[in-house]
Amino acid sequence: MSRTPSLQGDERALTPAVGKALEIGLVVLFIGALTTALYGGAVPDYRDAVGAEVGDRAVIAAAERIENAVPPGATQVRSVHAVDLPRSIRGENYGLRVENRTLVLRHPSPAVGAETRLALPDRVEAVEGEWRSSDEAVVLVSGDTEGVRVELTGRKELGGER
Amino acid sequence: MTAARAQTNLLSLAVALTALVSATTLGLVVADGALAGADRDPGERRAASAVAERLVSAEATTVRQNVLDRSAVSGLSVADLDALAAPVANRSVRVRIAGETLLERGDPTGGATVERVVLVAERTTRSRSLAVGDGAELTLPRRTDRVELTFGSESGVETVRINDRIVLHDPGGLTGRFVVQPSRYETTTLSFAGGTARVVVESTPLRAEKATLRVTVDG
């Protein structure tokens, strides 16, 4: 008749337990270090870089859309052109506005920002207005005998006019 | 025995973690490469296309849309170009028409190039003096949108028609200088009626030739 094994007397079961604890600790440490390295350095850097690129392209696409909205050789016009803007850049809303014939992108993140001068004919007497990326952006071109006015506005402000 | 087993476990864990680290690093390297490939300056292309677009549509440089005025274009300076297309300011730029460099700032080596097929027009003046009688006709060999007629003082011509449309009429005889504007879409035939006269016909046809407008913007 064999002796009943006693838990107090046998220390062999501790070895795998300690081994597993070591492994778990190592894995937790590893995941912690990797997460810190990625989200503390690499990922925000990439988001900044990509946001800046998307910002540049968004401003330039919008500027070209504004320039194309101005009809050649006409002043008595009224037209509305829709402009497709990225909904958000770097996960945040942004704004586009015209300051002194320059289209400027305003973004909460300092890494994202772009501006470009607008190339418009002389008969365009004023360019003004502002877009929020959450709006449905449109370019309103209206003219009278004095010249053409270009306005950046939203579809809502126009009341659904096309 | 058990201790050896535990060490084996740790060893395989270390190998697995090392593999994970190298996979992550590889991913970062690939992401870096993709980002570097997407990193370009869209402003160059925009500036080049804006210059080309404004050159062929601005009233200062064209006769009409897509037809460049040779004299206006050859007198163009870099400052005029900046005023015409603001995005090109402070960038190296070269404008070439039919292989000849029209103007240049800096030395754009790479950058973006935009090409457009355009017409380059030159206004020429053709003058001819002739004696006309009743029913005389004159067909101008080149289409034009401006004809200047100067009649001598002893003119008996009462009516001038262009393609059977009356453009000048005076029952007392046309004398002096007149400017008429025929359609540039059809060949102009002048016909005179009413009497004889000495007349100087001066037409200003456009001589247009095809060319490639090439705008390169760098920086």
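User: Into which domains is chain B divided?
Analyst: Chain B has domain 1 (1–39), domain 2 (42–122 + 208–218) and domain 3 (126–203); such bounds come from an automatic or database domain assignment. This is a predicted model, in which local features need pLDDT of at least 70, side-chain atom pairs count only at pLDDT 80 or more, and totals for chains, interfaces and linings use all residues. Residues are numbered from 1 along each chain as its sequence is written, while chains are lettered from A and ligands numbered from 1 in the order in which they are written.

User: How far apart are domain 1 and domain 2 of chain B?
Analyst: Their C-alpha centres lie 54 Å apart.

User: And what does chain B span overall?
Analyst: The C-alpha trace of chain B covers about 130 × 35 × 25 Å along its principal axes. Its radius of gyration is 35 Å, whereas a compact globule of 219 residues would have one near 17 Å. That radius is taken over C-alpha atoms, and the globule rule is 2.2 Å times the number of residues to the power 0.38.

User: What about chain A, what box does it fill?
Analyst: The C-alpha atoms of chain A fill roughly 115 × 30 × 20 Å along the principal axes.

User: How many helices and strands does chain A have?
Analyst: Chain A contains two helices and seven strands, in the order α-β-β-β-β-β-β-β-α from the N terminus. Chain B contains four helices and 14 strands. Helices (H or I, at least four residues) and strands (E, at least two) are DSSP runs, numbered from the N terminus.

User: Now the interface: how many residues of chain A are in contact with chain B?
Analyst: In chain A, 26 residues are in contact with 25 residues of chain B (C-beta atoms, placed from the backbone, within 7 Å). On the side of chain A that touches chain B, H1 and strand S4 (114–117) each supply at least two residues. The largest share, 18 residues, comes from H1(A).

User: At what angle do H1 of chain A and H2 of chain B pack?
Analyst: Helix H1 (residues 14–69) of chain A and helix H2 (residues 42–57) of chain B pack at about 15°, with axes 10 Å apart. The two helices are therefore roughly parallel (under 35 degrees; over 145 is roughly antiparallel, 65 to 115 roughly perpendicular, the rest oblique). Axes are lines fitted to C-alpha atoms, for helices over the stretch in contact, and angles run from 0 to 180 degrees between N-to-C directions.

User: Which residues make that contact?
Analyst: H1(A) contributes Asp56(A), Arg57(A), Ile60(A), Ala63(A) and Glu64(A), and H2(B) contributes Pro42(B), Gly43(B) and Arg46(B).

Terms used:
Two residues are in contact if their C-beta atoms, placed from the backbone, lie within 7 Å.
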